[in-house]
Amino acid sequence: MNVERLREAEQRLWAEYGVTPRESTVQLPRIRTKLRVQETGDGPPVVFVHGASNSGTSWAGLAKYLPDFRCILIDRPGCGLSEFHGRRFRDVDEFTQFSEDLIADVYDALGLDQANLVGTSFGGNVVLRAAAAHPERITRLVCLGWSVG
């Protein structure tokens, strides 16, 4: 991947929306990798989990309209500018555990006891599984474009 070209494309997209995200990298101890996080706005936290084949920047158009929320756009491990986690899932149980750990790690790394959680497509699968495992940490859950089962 050409990181420079990706960053330039992302900057053009964010500029189109008139938003400049704050960027950080967090360590995920359960997943054992580093994750790129982009944030916009201030207020109640909302963690956004993207679908397959893209990154957290795919939420830029929505984040623009949510300045009164702390929009936390993650690049799932192995996507965008996050490191790959180094695993291949052999079965649904392994993927379920990964999903549960991913969201718990993100919340812990960002100091979130609770937050709203939004996922689309593949990310919808991730957030649904994480919410089932950690309902006390999810204020509200939104799944888009992914059918259960």
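**Reading the sheet and its helices**

Guide: V49 stands opposite G119 in β5. Four bridges join β3 (residues 45–49) to β5 (residues 115–120), and these strands run parallel. Strands pair if DSSP finds at least two bridges between them; strands (E, at least two residues) and helices (H or I, at least four) are DSSP runs, numbered from the N terminus. This is a predicted model, in which local features need pLDDT of at least 70 and side-chain atom pairs count only at pLDDT 80 or more, while totals for chains, interfaces and linings use all residues. Residues are numbered from 1 along each chain as its sequence is written, and side-chain values use heavy atoms, with hydrogens and water left out.

Visitor: What is the order of the six strands in the open sheet?

Guide: Strands of a sheet pair through backbone hydrogen bonds, either parallel or antiparallel. Here the order is β1-β2-β4-β3-β5-β6, with mixed pairing. β1 (22–28) and β6 (138–144) stand at the edges with a single partner strand each, so one side of each is left without a neighbour in the sheet.

Visitor: How many bridges join β1 to β2?

Guide: Seven bridges join this antiparallel pair, and T25 stands opposite R36 in β2. In their hairpin, which has four residues between the strands, R32 takes a positive phi near 65°.

Visitor: At what angle do helices α3 and α4 pack?

Guide: Two packed helices are described by the angle between their axes and the distance between the axes. Helix α3 (residues 92–109) and helix α4 (residues 122–133) pack at about 80°, with axes 8 Å apart. Axes are lines fitted to C-alpha atoms, for helices over the stretch in contact, and angles run from 0 to 180 degrees between N-to-C directions. α3 and α4 are therefore roughly perpendicular (65 to 115 degrees). The contact (heavy atoms within 4.5 Å) includes F95 and L102 of α3 and F122 and R129 of α4.

Visitor: Which span should the 15 residues of helix α1 have?

Guide: The expected span is 1.5 Å times one less than the number of residues. For α1 (residues 3–17) that gives 21 Å, and the end C-alpha atoms are 21 Å apart, which agrees. Just after α1, G18 takes a positive phi of about 70°.

Technical notes:
Parallel < 35°, antiparallel > 145°, perpendicular 65-115°, else oblique.
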